Amino acid sequence: MTDKEQRSDTHSEGKKYGTPKAYDPHFRGPVVNRSCTDVLCCMIFILFIMAYILLGLAAWVNGDPRRVAYPTDSQGYFCGQKGTPNENKSILFYFNLLTCTSPSVVVNLQCPTTQICVSKCPERFLTYMEIQFKYKNDSEYWTYYSQFCRTTFLKPVETLSQVFLDNDCPSAIYPSKPFLQRCFPDFSTKNGTLTVGNKTVFDDGSGKKRNAVELRRAANGINKALDARAIGVKVFEDYATTWYWILIGLTIAMFLSWMFVMLLRFTAGLLFWIFTFGVIGIIAYGIWRCYLEYNRLQEQPGSHLNAYTIGIQTDISMYFRLKQTWFALMIILCLLELFIILMLIFLRDRIRISIALLKEGSKAIGYIPSTLIYPALTFFFLSVCISYWAVVAIYLATSGAPIYKVIAPQGQCEHENKTCDPVGFNTTEIAKACPGAQCHFAFYGGKSLYHQYITTFQLLNLFVFLWLINFVIALGQCALAGAFASYYWALKKPDDIPPYPLFTAFGRAIRYHTGSLAFGSLILAIIQMFRLILEYLDKRLQKAQSNISKFLKCCLRCCFWCLEKAVKFLNRNAYVMMAIYGKNFCKSARDAFNLLMRNILKIAVMDRVTDFVLILGKILVAGCIGVLAFLLFTKRLPVIIEGPTSLNYYWVPLLTVIVGSYIVAHGFFSVYAMCIETIFICFLEDLERNDGSAEKPYYMSQSLMKIMNKRNVETKKQ
């Protein structure tokens, strides 16, 4: 490609975005003499961090995380907390779990029935009516039953109707087991029939017969959760047995990721073309298969019908009995095959550039290996941000005094959700107006100015958290971009690469561009905040949505998703320009946008090739480790190595190793992706600012010069 063709190519790709501006002829790499950028945003960012710290201190003073660790009874008292009357009563007991099917059920298993703290769950069937008769012959029955009453009685003196009115004792108890510090029915299956305490039918204490299915429905599927507890114990045992094998697998994944990045220097082109032709071959096989099925169905009765004739079917296989379906699939695959082949033909030069950039990226990482360690630093910063956000959120949620609200069993009380006082509630007008209504603990709050703005503080906590998360990621991108830019703009590699390029780039980003990084992160955090608010409103208003509102919601969700992806892409390239020239965020984003638009086709091809190779690498690393882990955990390598024995579920450590390996590979390849993006931006800048003369030599590698048909003056002389 000649210089004239290159200029014409660039102009045709982005003629609306102007010609390249005049460049500094003395430019020899990332600018050293810089000034602070976006100072105002930096000051705002620091003020927000200071306010965030003050918010954490205020939440720490007013909050009590024990309110999350311990369940609370109907009066708001903790179960199992030391130094309280309930110290030895760590389990929450529900008087009538059958009421939990009421529409007024609230979060955290709070349902409209009296809840007290007990030391153990009931182990037998008993009703209050039975106790009144059995107590006369054996007082042990009442001694056992009274431990599940709210008030201590010497004997069952109250009538059944009085028990229902005062809620002093449960009308019935049944065998239960503790789960999440709460008593839930002891379900089991006997001859295919669901039972509770080996009974399918039992008395609920009010004279009605209930079955185990009703109780399971009221417990909201707790039977599965009880089974999950036993599974959880076995999973923990498997982790305790295989933790060192998991660490070995993740270490091997790190080594394989590093090897893959290094080997891309020699195999990027081979991998791309092998798998590209593999995709073409698979699609061709699909076309052939569709043609065979279409011919086979020609003579079969009913195959001439179309999708409109048979209508909407729940059985998907019905559509594959129609020849029309296979014909449509064949046409789609043919168009896809044709599109891929045409793209390969007309974009072959740009694909060659992308492959050369992949090789150049591998070479850059080889010269600056410290960049592969940077993801660990990013992970540390992200862990700190996530931990601080979670702690502040918990302390804010547990701030204040107990707040009680009216709960009606049928959810049809006009006073429902109003605040109330549990002391003497049964004698109030609300209790008379709404029979069966109860005053239950709802949440923690207060009437002070601090407690009135708890929701606002939670939103602030979430917003600053998103801002900090995006800032940490932006800082890493800018630091890596500065390091790789110093590699590219070294005329003689690796001799001209400055010492400690990553450390120097990180220091420049912190010292001069904190405000700009905060600015870019702020834009992204605002978009993400809007997306979260939209999701929250969708969950809260799901039942009240019409078809039109659902359509608008989907449109908004799609728009915000696309906007977030576009802003992330633009921010990354803006950080690259910032790392090179030291300008503020807006100017860097403008320059990056104009540069990319002038080379839009190169960008599209480079992104697709890079994504294809990196996804392939992640799958290869995770797949290799997964195969080795499968052979090890299933004891299929006894001759080579003796793996862990007596595993309950071998898939638990297996999935952990596979997912962990994928995350490790993603960390390595995120550095590689940033390297490719930086080198590509520098490559485009190099093409526009230099012409190969002695005054303005090209900084690109010899392989890129060969592809672009360009040479420096010194090379021509040689």
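In this predicted model, L517 is in contact, once its neighbours within four places in sequence are left aside, with F471, A474, L475, C478, A509, Y575 and M578.

A474 is found in helix 15, and because its relative accessibility is 1%, under the 20% cut-off, A474 counts as buried. With neighbours within four places in sequence again left aside, A474 is in contact with L517, S521 and Y575, and Y575 is also listed among the contacts of L517. The C-alpha atoms of A474 and G520 are separated by 7.9 Å, although these two residues stand 46 residues apart along the chain.

A further piece of the architecture is the pairing of helix 20 (residues 600–633) with helix 21 (residues 651–689), which pack with their axes 9 Å apart and at an angle of about 155 degrees. Because this angle is over 145 degrees, helix 20 and helix 21 are roughly antiparallel to each other, and their crossing is right-handed. Sorted by class, the residues in the contact of helix 20 with helix 21 comprise 21 nonpolar, five polar and two charged ones.

How values were computed
Residues are numbered from 1 along each chain as its sequence is written. This is a predicted model: local features need pLDDT of at least 70, side-chain atom pairs count only at pLDDT 80 or more; totals for chains, interfaces and linings use all residues. Side-chain values use heavy atoms; hydrogens and water are left out. Contact means heavy atoms within 4.5 Å. Axes are lines fitted to C-alpha atoms, for helices over the stretch in contact, and angles run from 0 to 180 degrees between N-to-C directions. Helices (H or I, at least four residues) and strands (E, at least two) are DSSP runs, numbered from the N terminus. Angles under 35 degrees count as roughly parallel, over 145 as roughly antiparallel, 65 to 115 as roughly perpendicular and the rest as oblique. A crossing is left-handed if the near helix is turned anticlockwise from the far one by less than a right angle, and right-handed if clockwise. Ala, Val, Leu, Ile, Met, Phe, Trp, Tyr, Cys and Pro count as nonpolar, Asp, Glu, Lys and Arg as charged, and the others, Gly among them, as polar. Buried means under 20% relative accessible area, exposed over 50%, partly exposed in between (1.4 Å probe, protein chains only).
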